[in-house]
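Open the model in your viewer and keep the sequence panel beside it. The stops below say what to select and what is there.

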Amino acid sequence: MLLKDWKDNMISFTSLKNVKGAYFAIGLFIILNISSCTKEVKIENAPFNVQLKEQFTSDIGMAITFLDSAKSDRIQIKKHFIESRKFFKKIEPILSSLDIENYGFLNQPNILKIEEEDYTDIKIKKPSGYQVLEEEIFTEKVDTVAVSNHITLVYNRLKLIKENTYFDHLKTYHFLWLFRKSFIRIALTGITGFDSPVLENSLEESKVVYVSLKKYLSIFKPEFKDQSLFDKWNKEIDQSIIDLSGKFNSFDRYHFIKNHTHKQLELWNQTVQDWDVKFPFELSIKNNAPSLFSLNTFNIDYFSDQNLGKTTSEKIILGKKLFNDTNLSANKKISCATCHISEKAFADGKKISDGVTRNAPTLLYAALQKGFFYDKRAGSLEGQIVSVIENENEFHTNLETLENAIKKDSNYVNAFKTIYPNRKISNLDIRNAIASYIRSLVPFDSKFDRNINNLENTITKGEINGFNLFNGKAKCATCHFAPVFNGTVPPDYKESEIELIGVPEQNDTINATISKDLGRYYVYKTPERKHFFKTSTVRNVDKTGPYMHNGVYTTLDEVLDFYNRGGGLGIGIISKNQTLPGDKLNLNKQEINDIIAFIKTLNDTSIGY
């Protein structure tokens, strides 16, 4: 959706009453940023949105030109592609905020995109864009017809964007949001190689983005009351560019985030104060987030239904009581805590939980997801609770009986009257209270968090190396995104990914067969979704084994061995739609030990509440 389409019907951000609607709208109106370009734009006295538009138009024009050259000059096709890709990265901050759909098309991974709204509305789309072109061009045997078709698709999409991009409705806070989003993207997906799977050119591309950010900031130089703050920004960006040098596999991501990304968040917060900017609402990241690894990083309410109100301490206390109450089940013996034990990081330590067919995942950080259950069949925590209540092997009851059980307890009745005033007790409020407690389980209180936030200095070189491997050579972070280390994709946090990695039925590397559980397929019966499962968090996994949806692996060493071999494909399981590359990671024993050591630093110390 382009901005022009909304111009006549735009709702003022400052008058938005429905915050959930505001989250949808922001994807259409945050359209700032400008990338540096070989052709310098000389309109210094023009309004900032005019300067942004001119630079954007110039950069996207160069991306189009080099793609055109790639199509006509097959001898230099790799060179032309790389140049076009560079200019795409220059427009990335604008495009990824202005037009998420078109940005997603141009930068999607080379896997089928499947959209399942309901049984009658299932769309299966073949991928295209820069990532697909990278894999098609930089290979031993090039399919010239496929390459030509993809170049044409990308070329036409870029031309459409160039001709229909408008910069009329911009405010200063939009720029600040976009500026922060850009350097967060670099830290969480850019330097991991997430969108440069073959060339691993992520460090150089991140430099391109920082050069652009520096130029954008120069447009807003008059906004700075404290010019020394402007100077600090320039110095910080210059040093970030210098420190992005080096080889992909040996790059020190830990210290880059600690010394640069967090420094930039600090400068960003100072800039907000210096410019006296007031934000109309919060996105997924809090407007005053102090770091990427903090209890105060995320706006938890962004991940829930805004119509249910904010998560409050009163709701959390009530929800904890309900969470541990066996009287809510039919046999008076089962509570939520039966399968989600706080001492086991809210898992249960069993291969398969009693009465169900899958391993019990941790509830820690469950709030920071956009889908629930391993197959994502529930869209909210409140929705997930319905399935637990109605499952004959769990609570084995129904929503009406649940309401009646609460109404018979005077303590509950009084609590609900206070916390949910002026209405009758409903099963939705009961579920919202339990969900509110679960949403409180985001402690960010691990050894890793404390060290990267400079609260202590106890992390070892091996553990740091493990983090760098996790986010680099081992490619773990291309599915388990920091800081939550789950599949909810930063920096927008609009989608939690599901993957087909080829989990075996038994721990067998000789005669392996894929797990019989078809995962996401059971939800809509889409054949291309067989064996797809949600990417869970790696935080606290040292306490939550056995591992995978079927508990097939009992140790982290076994899990790392599976990935090191190339997942299911690496142990002989042929899965047409496997999303995990089947190439061996070639991790040696010390590297595997370091990754496991890092993973253990993600154990939280305060999780019981």
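Begin with the covering of helix α11: what lies over its buried residues includes α12 (336-339), α14 (399-407), α15 (410-419) and α16 (427-439). Helices (H or I, at least four residues) and strands (E, at least two) are DSSP runs, numbered from the N terminus. Now select α11 itself, residues 313-323, and colour its buried residues, Lys315, Leu318, Gly319, Leu322 and Phe323. Buried means under 20% relative accessible area, exposed over 50%, and partly exposed in between (1.4 Å probe, protein chains only). These residues cover an arc of only 140° around the axis, so they sit on the same side of α11. The arc is that of the directions from the helix axis to the C-beta atoms.

This is a predicted model, in which local features need pLDDT of at least 70 and side-chain atom pairs count only at pLDDT 80 or more, while totals for chains, interfaces and linings use all residues. Residues are numbered from 1 along each chain as its sequence is written, and side-chain values use heavy atoms, with hydrogens and water left out.

Next, select helix α13, residues 381-390. Its buried residues are Leu381, Glu382, Gln384, Ile385, Val386 and Ile389. The cover over them includes α14 and α16.

Which residues have the most contacts inside the largest nonpolar core? Select Leu158, Trp233 and Leu322; the core they belong to has 155 residues. Its largest share, ten residues, comes from α7. A nonpolar core here is a set of buried Ala, Val, Leu, Ile, Met, Phe, Trp, Tyr and Cys residues joined through side-chain atoms within 4.5 Å. Centre on Leu158 and show its neighbours: not counting residues up to four places away in sequence, Leu158 touches Ile60, Ala63, Ile64, Leu67, Ile91, Leu106 and Tyr130. Contact means heavy atoms within 4.5 Å.

Turn to the charged pairs. A salt bridge is a side-chain nitrogen of Lys or Arg within 4 Å of a carboxyl oxygen of Asp or Glu, and by this rule there are 29 salt bridges. Select Lys86 and Glu83, whose side chains meet at 3.3 Å, N to O. Both are in helix α3 (residues 77-98), three residues apart, about one turn of the helix. An α-helix has 3.6 residues a turn, so residues three or four places apart point the same way. Lys86 is partly exposed at 28% relative accessible area, and Glu83 is partly exposed at 23%.

Then select Lys181 and Asp492, a salt bridge with its closest N and O atoms 2.8 Å apart. Lys181 is in helix α7 (residues 172-188) and Asp492 in the loop between α18 (461-470) and β3 (498-499), so this pair ties together parts 311 residues apart in sequence. Lys181 is buried, at 12% relative accessible area. For a network of salt bridges, select Arg85, Lys89, Glu92, Arg185, Asp195 and Glu205.

Stay with the loop between α18 and β3, where Pro491 lies. The peptide bond from Pro490 to Pro491 is cis, with omega near 5°. Pro546 is in the loop between β4 (533-534) and α20 (556-564).

Most residues other than glycine have a negative phi, and most peptide bonds are trans. Asn540 is buried at 0% relative accessibility, and Met548 is buried at 16%.

For the strands, select β1 (residues 113-118) and β2 (residues 121-125), which run antiparallel and are joined by five bridges. Two strands pair if DSSP finds at least two bridges between them. β1 and β2 form a hairpin with two residues between them, and Glu116 stands opposite Ile122 in β2.

Last, select the cysteines. How many disulfides does the structure hold? There are zero, a disulfide being a pair of cysteine sulfur atoms within 2.5 Å. The sulfur of Cys336 is 9.2 Å from the closest cysteine sulfur, in Cys339, which is too far for a bond. Cys479 is in no disulfide either, the nearest cysteine sulfur, that of Cys476, being 8.9 Å away. Cys336 is buried at 14% relative accessibility, and Cys479 is buried at 18%.
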